[in-house]
Amino acid sequence: MTIKGIIGKKLGMRTMYDADGKVQPVTVLQAGPCTVTQVKTLDNDGYNAVQIGFSEVKKINSPQSGHQERSGGKFSTLQEFEVENLDEIEVGQSITSNIFVDQKSVKVTSTTKGKDEYNITVGKDIKREYNT
């Protein structure tokens, strides 16, 4: 199987010590398990790709429910990844982080939650001016 990615979630940060006793910050990730929700072929869609789902939920809207019915799950996160060979992949198949066993390094990208700055003025010396 040659899927070029997997969906994961950050669990937190930990501290690890190397052989010299130096502190190394480590990010702990939950990578998968993901389920194949759709297989896109060169004949039907013009390219080879696999759509996988992550983070199973109880309720999803009606269009997504129909789309994900064949995979046997309800997922809040869907992502599409390129695939070279579609022979080994089926809808409903589970994908774990074992696909990266042969790799020396893995590129990780992420999205932030988008917390903006809060402009809050706190204090009892604030006076309101009324324009009448």
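Predicted model: local features only at pLDDT ≥ 70, side-chain atom pairs only at ≥ 80, totals over all residues.
Student: Let's start with charges. How many salt bridges does a search of the whole structure find?

Tutor: The search finds one salt bridge, and it is formed by Lys 40 and Glu 80, whose closest N and O atoms are 3.1 Å apart. The pair links distant parts of the chain, since Lys 40 belongs to strand S3 and Glu 80 to strand S5 (residues 75-82), 40 residues apart.

Student: And is Lys 40 buried or exposed?

Tutor: Lys 40 is buried, because its relative accessible area is 15% and the cut-off for buried is under 20%. Glu 80, on the other hand, counts as partly exposed because its relative accessible area is 30%.

Student: Which residues is Lys 40 in contact with, leaving aside neighbours within four places in sequence?

Tutor: With those neighbours set aside, Lys 40 is in contact with Asp 45, Tyr 47, Asn 48, Ala 49, Glu 80 and Leu 86.

Student: OK, so what about S3 itself, mostly covered or mostly open?

Tutor: Strand S3, which spans residues 34-40, is mostly covered, with five of its seven residues buried.

Student: Which strands does S3 pair with?

Tutor: S3 pairs in the antiparallel sense with S6, over two bridges, and also with strand S4 (residues 49-56), again antiparallel, over five bridges. To place these pairings in the model, you can look at Cys 34, whose bridge partner in S6 is Ile 95, and at Gln 38, which stands opposite Gln 51 in S4.

Student: Switching to the other end, how many bridges join S1 to S2?

Tutor: Strand S1 (residues 8-17) and strand S2 (residues 23-31) run antiparallel and are joined by nine bridges; in one of these, Gly 12 has Val 28 in S2 as its bridge partner.

Student: What's in the turn?

Tutor: S1 and S2 form a hairpin with five residues between them, and Gly 21, which sits in that turn, has a positive phi of about 90°.

Student: Last topic, the surface. Which residues form a nonpolar patch there?

Tutor: Leu 29, Val 106 and Val 108 form that patch, and together they have about 280 Å² of accessible area.

Student: Where does Val 108 lie, and why does it count as exposed?

Tutor: Val 108 lies in the segment after strand S6 (94-95), and it counts as exposed because its relative accessibility is 57%, where the cut-off for exposed is over 50%.

Terms used. Residues numbered from 1 in each chain as written. Heavy atoms only, no water. Helix = DSSP H or I, 4+ residues; strand = E, 2+ residues; numbered from the N terminus. Contact = heavy atoms within 4.5 Å. Patch = residues over 30% accessible without salt bridge, like charges linked within 9 Å, V, L, I, M, F, W, Y side chains within 5 Å. Areas by Shrake-Rupley, 256 points an atom, 1.4 Å probe, with all protein chains shown as cover. Salt bridge = Lys/Arg side-chain N within 4 Å of Asp/Glu carboxyl O. Buried < 20%, exposed > 50% of the residue type's maximum accessible area, 1.4 Å probe, protein only. Pairing = 2+ DSSP bridges.
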